Amino acid sequence: MTRLVLTTAGESHGKSVSAILSGVVAGLAVEPDAINVQLLRRQGGYGRGGRMKIEKDRVLIESGVRRGLTLGSPLLLRVLNKDHRIDEAPAVTRPRPGHADLAGMMKFITRDAREILERSSARETVVRVAAGAVAALLLEEFGIQVRGFVRSLGPVHAADIPEAVEELVRQRDASPFYCPDPAATDAMKQAVDQARAAGDTVGGVMEVRAFGVPPGLGTNATLDGRLDSRLAGALMSIPAMKAVEIGLGLAAASLPGSQVHDPIRKGTGGRPRRERNHAGGIEGGMTNGEPVVVRVAMKPISTLLKGLGSLDVATGEETTAAVERSDITAVPAASVVGEAMVALVLADALLEKTGGDTVTEVRRNLEGHLLAVNRLFENG
Ligand SMILES: Cc1cc2nc3c(=O)[nH]c(=O)nc-3n(C[C@H](O)[C@H](O)[C@H](O)COP(=O)(O)O)c2cc1C
């Protein structure tokens, strides 16, 4: 990110998890409750484990805000851990395949994987969601709405996703899987119950759509300025994410160009209109005015109740992997984290486009840009 900088700190069973978010412009209204609703969503979803029943996440905004408005200085966002027994927690000597345990033991030269897993635990994502909620508040000032949902869970795929954002959100919020397709929701519940009974876990795909995104965010000019690359990097930084698709994604590779690219038509006021959005709102690394659409594949949780084969590094014997308190699936929660990461990347790209130190300046500069875009098509 170029304008926004996010740093997180905190271990799974440490005292707290914190984020410092710098680069947020002054004059943005930020109330804890606007962040807390997102923290609650991250804690929920069918298939979560015992930890989420213990924690009652509430954000502490410890800097960067005065009387409910941002000051333009870094925000320190903190969430306290109820379970903070990091010093008493037992050593983990049987690394879990698929988790960071074994690779981390070899990197940091330790026989205790707890020294690794405390940080690689997705508990850290709680403050990504807090920071993402601040970014979303900024975006919403300019009519940009970012909404994440679950597209598939294990073998179950959602079929019908409403086009309109209001309907999408209504159906998503009615589903314990954050999936806007009610029929798929029922089948997902069965898939998780079966996995739980078998001591197994389930992965899936989340989708994030951003509506009302102005054209011209990101750039074709530099390698790391391309918005698709920035989105992919941010989304792949979430633990357990194994692939990112923009728009049609992988499917585009096996179709002819005529079925992939979105023809340009003349719309209202001579402005361009697209009949479909296979590009996922991004062409040449820049937004094209269509909704931004990304999908992310999450692998199944690597802590299995039935325990996969492992090596006990304390005894040198083959054994089964350690079992930490764990989720059966966390794709619904991951969709909230994905939404936060997309909001952060889009807010960063918006501020990069507009410059400015205050919300008022961002508004003025964005309006100027949109006016110039409209003028392009006035005589067409
Ligand atoms: C919201 C969320 C919740 C997660 N919950 C768990 C969990 O309960 N147990 C677990 O073993 N892994 C969980 N993970 C995944 C691990 O954090 C992840 O697999 C691990 O850090 C290794 O990173 P990698 O999968 O990217 O290689 C969760 C991930 C996310 C995004």
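This is a predicted model: local features need pLDDT of at least 70, side-chain atom pairs count only at pLDDT 80 or more; totals for chains, interfaces and linings use all residues.
An open sheet of 4 strands runs in the order β1-β2-β6-β3, and its pairing is antiparallel. Because β1 (5–10) and β3 (59–63) stand at the edges, each with a single partner strand, one side of each is left without a neighbour in the sheet. Direction ignored, neighbouring strands of this sheet are turned against each other by 20 degrees on average. Strand β2 (residues 16–22) pairs with strand β6 (residues 75–80) in the antiparallel sense over 6 bridges, and A19 has L77 in β6 as its bridge partner. Helix α1 packs on this sheet, where it touches β3 and β6, with a direction at about 140 degrees to that of β3. Helix α5 (residues 125–141) also packs on the sheet, touching β1, β2, β3 and β6, and its direction makes about 140 degrees with that of β6.

A further open sheet is formed by 5 strands in the order β8-β7-β9-β15-β10, again with antiparallel pairing. Its edges are held by β8 (156–157) and β10 (241–246), each with a single partner strand, so that one side of each lacks a neighbour in the sheet. Strands β9 (residues 204–211) and β15 (residues 292–298) are joined in the antiparallel sense over 7 bridges, with E207 opposite R295 in β15. Helix α10 (residues 331–354) packs on this sheet through β7 (145–153), β9, β10 and β15, its direction making about 145 degrees with that of β7.

Helix α1 (residues 32–43) packs in turn against α10 at an angle of about 145 degrees, with the axes 7 Å apart. Residues Q38, R41 and R42 of α1 and A333, V336, V337 and E339 of α10 make the contact, which by class comprises 3 nonpolar, 1 polar and 3 charged residues.

Technical notes. Residues are numbered from 1 along each chain as its sequence is written. Side-chain values use heavy atoms; hydrogens and water are left out. Two strands pair if DSSP finds at least two bridges between them. Helices (H or I, at least four residues) and strands (E, at least two) are DSSP runs, numbered from the N terminus. Contact means heavy atoms within 4.5 Å. Axes are lines fitted to C-alpha atoms, for helices over the stretch in contact, and angles run from 0 to 180 degrees between N-to-C directions. Ala, Val, Leu, Ile, Met, Phe, Trp, Tyr, Cys and Pro count as nonpolar, Asp, Glu, Lys and Arg as charged, and the others, Gly among them, as polar.
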